[in-house]
Amino acid sequence: MSDEIRRLSDALASDPASLAFVPLADALRRSGQADVALRIVLRGLERHAYNADAHDVAARVYADLSDWEHAKDEWEMALQLSAGHVGALRGLGFLAYQRGDLQNAERYLRDAAGRSPNDAGIRTALERTLAARRADEASAEATPAPPSTKSTYSVAEPLGELVVDAAGLILAGELRDAAGLDVSASVGAELSGVRSEAERALERLGLGAWRALTIDAQRATVGLAPAPNDAVTLVAAAPQTAAGLFRRYLHRAGQRALAFFEATV
Amino acid sequence: MIALEAVLEPVARTKGVRAVILAAEDDGVPVHAVAHQDVDADTLAALGCRLYRSARLASERAGFGSSSIMHVEAEHGQVCVAGVRDAKTPGALVVIALAESDANTGALRLALARAANQARDAA
């Protein structure tokens, strides 16, 4: 066992609620112990479900285990929790490159390079992506376009999610508008109040407890779901997001909110 | 011009739907309703309009813009409300549907959106 791993293990053992699990899992991953790293980081995420760095490390572990789907989920979550998270941008760029989606690979890597201009690894990955795109374009000009072989769906990512208490105050999460401004507080305060209105209406109609409320608005699809202690989970996604996909986002956000309350309240 | 009854009929025929109502958003008064006997259409219209209005206004204040459809899922049923006309104009109308909890949500939303579009032409 390396000194670093021993030191971090001791730190976590003396304070199990600390964030020492994040560097520990990463150190274990780098030392080739991906399975142990995964157990450590997933256990840590039960307490720190809204820590973007922890999701980033979880994604790296999954990537080491060639579990690309979970890696993507974790990096997307890191990005939702911390807009512009460089590790998540780099990871999503890597995944996009790997599946041949060079346009999105360039987008993620350009964003990462802009935020971390001295990172040689990101610069190299971006240069490789640009070279691959140039080669693709040259090849497309030289040969007739083949029939579409698209093998993956284009999936809109949520704009963000929040956990809002009964007083309309933010407990966790972040939501930014198209200009990148943090609108968590105003959105949480305005929309959490709809909960009590929904509860009153459903009670009068004899429909029992509410499970979800979705609003298709002009600039977003917004969903609310009940959380413990009279709180609300709120998810916003791009307008016209497929209703079934949005329902999955809301369900997943509800599960994270539950884990958040179990760990913190 | 399409009759309002004809606009609501396809929603009413959707499996699991127990009531569909065209109502005025601001006062919740039904304009036309097709409902099972055990459903109090007046109460559903009043509560559906009030909840839709509350969600629409909250969405606007939060910067998301006006809402076109609001859908609430509950333990024993679901309520879906679609705006017929720009909610800021006087006399705005909504279509409200009450359905069983296991009704096909996709079919319900589609039927309601179509009905709202047709009601816009008919109103």
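A residue is taken as buried if 20 or more other C-beta atoms, placed from the backbone, lie within 10 Å of its own, as exposed if 12 or fewer do, and as partly exposed in between. By this criterion, buried residues account for 44% of the 265 residues in chain A. The structure is a predicted model, in which local features need pLDDT of at least 70 and side-chain atom pairs count only at pLDDT 80 or more, whereas totals for chains, interfaces and linings use all residues. Residues are numbered from 1 along each chain as its sequence is written, while chains are lettered from A and ligands numbered from 1 in the order in which they are written.

Chain A contains 11 helices and 5 strands, where helices (H or I, at least four residues) and strands (E, at least two) are DSSP runs numbered from the N terminus. Helix 6 of chain A, which spans residues 86-98, is mostly covered, with 11 of its 13 residues buried, among them A:Arg90 and A:Phe94. Just after this helix, A:Gly100 adopts a positive phi of about 85°.

Between the chains, 28 residues of chain B are in contact with 31 residues of chain A, two residues being in contact if their C-beta atoms, placed from the backbone, lie within 7 Å. Helix 2 (41-61), strand 3 (67-74) and helix 3 (105-122) of chain B each supply at least two residues of the side that touches chain A, and helix 2 of chain B gives the most, with 10 residues. Strand 3 of chain A (residues 210-217) pairs with strand 3 of chain B in the antiparallel sense over 7 bridges, pairing being assigned if DSSP finds at least two bridges between two strands. Within this pairing, A:Asp216 stands opposite B:Ile69.

Note on methods
The expected span of a helix is 1.5 Å times one less than its number of residues.
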